[in-house]
Amino acid sequence: ATLAQAAAPTGNESAPLPFSIRAEGRVTVNGNSDFDGDPLLADDDALIYGGQGFTLNGQPVLPVQRDAAGNPILDDLGRPVLIDNAVAVAADHGHLNAPNNQYGGLIPPQVVETQTVDVPEHDGFVAEVLAAEIPAGVTPIEMYAYGQPLYNQQVWNENFPAGGTAEVPTVVRITGGWLNIPHGVNLEHLVLIVENGGLNFNGNGHQLNNVTIVTYGGGMNLSGVVGTDVNILSAAQLQMNSSSTFAGQSTLAARNSIHFNGQATASVADDQLTVIAQEDIAFNGPSDTRADFWAGRNFRFNGNATLYGSINAKGNITFNAQATVFADFDA
């Protein structure tokens, strides 16, 4: 599952400014979110770009300039002075609103060259992932979705093809409609393509290792899957519950919106999740997550989780609670 990471967008090559939070539209912070990382370290600051402006309500924590002793440098009004690019806008920005205006250098804002968020087109991205994950010469096994009801784990194991190896995964192509994966089924070294419908994981207890799943005709509900090195590529919406966990180099992508209710391993620096939606992303994760998010429309950060990574949106980015964001460009 390495191509999905390599093919993930890298941003505007002509203007590679290190913004962890980039919105072509507006950035809104409706709480006391923290974007300063470790106050004494500069390389984990989550810099903010709102092309069309920003609204900063509450008391957000932003990275500020410090003296040799680590104390904030203050302006003539006694306000901490923001570091370069802590909050920036495009030249044609519109809305600016910071009722508390507790930082020097916030209003008027710093103006930078226009940043472009390049979200990969879904069908092309799916084709690239499949080309990387299916070795040359491997013939898919075709199964009819309604030909053999796979209603429990035992029946599934008796009738569904076994996984292959890390080098040569089993490739299964499902025709005829939706696929329901029973409670407790584990998948390993598998490429699973659902041609005409979507996919549901029923119940819980699903372990996925080195698995690529593609739907061409419907969405996916991942329930509480635990996946390592997975590509989950949905033709419509993508949903999950709070126990969904992703590790290794994994990718979630959807032609429509993604409701990210799970988590991605944050304790291992080499692990990184990429999440790509052509429409909106709602982040409702309950705990620390290491991930990069790319939304074709808007991104909403709900809850009080900590994110190590980046948020990129063609539209607006909104923080609705008390988020903590660390820049994580080295993952």
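A residue counts as buried when its relative accessible area is under 20%. Asp280 has a relative accessible area of 16%, so Asp280 is buried. The model described here is predicted.

**The β-α-β unit**

- Strand 8, helix 3 and strand 9 together form a β-α-β unit, and the unit is right-handed.
- Strand 8 covers residues 141-144 and strand 9 covers residues 170-175, while helix 3 spans residues 153-159.
- The two strands pair in the parallel sense, with four bridges between them.
- Glu142 has Arg173 of strand 9 as its bridge partner.

**Nonpolar cores**

- In soluble globular proteins, nonpolar side chains tend to be buried together.
- The largest nonpolar core here contains 69 residues.
- Those with the most contacts inside this core are Leu187, Leu192, Ile213, Leu222, Leu252, Phe260 and Phe319.
- Strand 11, residues 187-194, contributes four residues to this core, the most of any element.
- Another core lies apart from the largest one and has 13 residues, including Val117, Phe125, Val191 and Ile276.
- Ile213, one of the residues with the most contacts inside the largest core, touches Leu187, Leu192, Leu199, Phe201, Leu208, Met220, Asn231, Ile232 and Leu233, leaving aside neighbours within four places in sequence.

**Asp280**

- Asp280 sits in the loop that runs between strand 21 (272-277) and strand 22 (281-283).
- Not counting residues up to four places away in sequence, Asp280 is in contact with Asn256, Ser257, Ile258, Arg297 and Asn298.
- With Asn298 there is also a polar approach: a polar atom of the Asp280 side chain lies 3.0 Å from the backbone nitrogen of Asn298.

**Arg290**

- Arg290 belongs to strand 23, which covers residues 289-295.
- The side chain of Arg290 makes a polar contact of 2.8 Å with the side chain of Asp328.
- Leaving aside neighbours within four places in sequence, the residues that Arg290 touches are Ala264, Thr265, Ala266, Val268, Ala269, Asp271, Gln272, Leu273, Tyr308 and Asp328.
- Phe125, a member of the 13-residue core, is 165 residues from Arg290 along the chain, and the C-alpha atoms of Arg290 and Phe125 are 22 Å apart.

Methods:
Residues are numbered from 1 along each chain as its sequence is written. This is a predicted model: local features need pLDDT of at least 70, side-chain atom pairs count only at pLDDT 80 or more; totals for chains, interfaces and linings use all residues. Side-chain values use heavy atoms; hydrogens and water are left out. Two strands pair if DSSP finds at least two bridges between them. A crossover is right-handed if, with the strands pointing away from the viewer, the path from the first strand over the helix to the second runs clockwise. Buried means under 20% relative accessible area, exposed over 50%, partly exposed in between (1.4 Å probe, protein chains only). A polar contact is a pair of N or O atoms within 3.5 Å; within protein, one must be able to donate a hydrogen and the other to accept it, and residues adjacent in sequence count only if both atoms are side-chain atoms. Contact means heavy atoms within 4.5 Å. A nonpolar core is a set of buried Ala, Val, Leu, Ile, Met, Phe, Trp, Tyr and Cys residues joined through side-chain atoms within 4.5 Å.
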